[in-house]
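Let me get it on screen and jot things down as I go.

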Amino acid sequence: MNTQTCTRLRFTKMHGLGNDFVVFDGISQSVALTPEQCRHIADRHFGIGCDQILLVEKPARDDVDFRYRIFNADGGEVEQCGNGARCFVRFVHDKCLTDKTTIRVETASGVIEPRLLDSGLVTVNMGAPRFAPADIPFAAEAEALTYPLKVGQHVIEIAALSMGNPHAVLRVNDLDSAPVDILGAAIESHARFPQRVNAGFMQVLTPHDVRLRVYERGAGETLACGTGACAAAVAGIRQGWLQSPVSVHTKGGDLVIEWAGQGQPVYMTGPAVTVFEGEIEL
């Protein structure tokens, strides 16, 4: 297949609210995955099957404990994954790679701090959201709470922000009838998002409760999206629809998002579960 042919790699299958991952320990074994191999691993018929592949590596700097790399099912490397971050701290703790319950992790978009709670849940300091169009990135003349976005013959209103990766959040009245597959795909690849975008569809239930579906960049609709939950809660709080803390109800389960406002970090709390261990030959 390529230079990795006949290499056997140990992996752990994990999930956060059904958003599932294949996790590789790149510290105790050498892992160098090509996009083709990532697509094979993620394939639910011919591979292991997952939304994303997570790679644990030694840090490249002195002020963090680990480096965290994320590959989507389409083989592309991305900056951030919130549900994956919770699985990351569970993994390194269970594998005795650290005895710390709070770790500092280097990602492509900055440092995050997952913390393993006594309850078994994991809280992650996801950093402060960014709203400047250039930081998302998003093509707009100036920063705004919402933006009109022409999709086909229709104009929709979205919030756009970065949680280390780009998000567009659309409020809908009825999540069950929302055209997530069709509209989500159109938003994901919209020309105004030069690096594509995660498209979130949010139904507000109360000031502290929302339902959410996310069409993820490079993965399609997933059962849950951690950074998407953060983005939806932040967008709703900024527009006055929501108040912190916000319970975000996804198809896979619930996350609690806390945000104190502009310039403050977003805290996400939810589960991280190990499903099984195995080896794959690449």
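Here are my notes, entry by entry, on a model that is predicted.

**Entry: helix α1.** I started with α1, residues 35–42. Which of its residues are buried? I found Q37, C38, I41 and A42. Looking down the axis of α1, I see these buried residues fall within an arc of 130 degrees, so they line one face of the helix. Next I checked what covers the buried residues of α1, and the cover includes β2 (19–25), β3 (52–57), β4 (66–72) and β18.

**Entry: D51.** I moved on to the loop between α1 and β3, where D51 is found. Is D51 buried or exposed? D51 has a relative accessible area of 9%, and buried means under 20%, so D51 counts as buried. I skipped its neighbours within four places in sequence and listed its contacts: G18, N19, D20, R44, N72, A73, A219 and T222. One of them, R44, meets the side chain of D51 in a salt bridge, 3.2 Å from N to O. R44 itself is partly exposed, at 49%.

**Entry: other salt bridges.** How many salt bridges are there? My count came to 20. I looked up two more of them. E77 pairs with R69, their closest N and O atoms being 2.9 Å apart, and E77 is partly exposed at 39%. R213 and E221 meet at 2.8 Å, N to O. In that pair R213 is buried, with a relative accessible area of 14%, while E221 counts as partly exposed at 24%.

**Entry: helix α2.** This helix covers residues 82–94, 13 residues in total. I get 19 Å from its first C-alpha to its last, close to the 18 Å expected at 1.5 Å a residue. α2 is mostly covered, with eleven of its 13 residues buried; among them are N83, R86, F88, R90 and F91. After α2 comes C96, and I noted its positive phi, near 60 degrees.

**Entry: a surface patch.** Last stop: V273, V275 and F276 make a nonpolar surface patch of about 230 Å². I placed V275 in strand β18, residues 273–281. V275 is partly exposed, with a relative accessible area of 46%.

Methods
Residues numbered from 1 in each chain as written. Predicted model: local features only at pLDDT ≥ 70, side-chain atom pairs only at ≥ 80, totals over all residues. Heavy atoms only, no water. Patch = residues over 30% accessible without salt bridge, like charges linked within 9 Å, V, L, I, M, F, W, Y side chains within 5 Å. Areas by Shrake-Rupley, 256 points an atom, 1.4 Å probe, with all protein chains shown as cover. Salt bridge = Lys/Arg side-chain N within 4 Å of Asp/Glu carboxyl O. Helix = DSSP H or I, 4+ residues; strand = E, 2+ residues; numbered from the N terminus. Buried < 20%, exposed > 50% of the residue type's maximum accessible area, 1.4 Å probe, protein only. Arc of directions from axis to C-beta. Contact = heavy atoms within 4.5 Å. Expected span 1.5 Å × (residues − 1).
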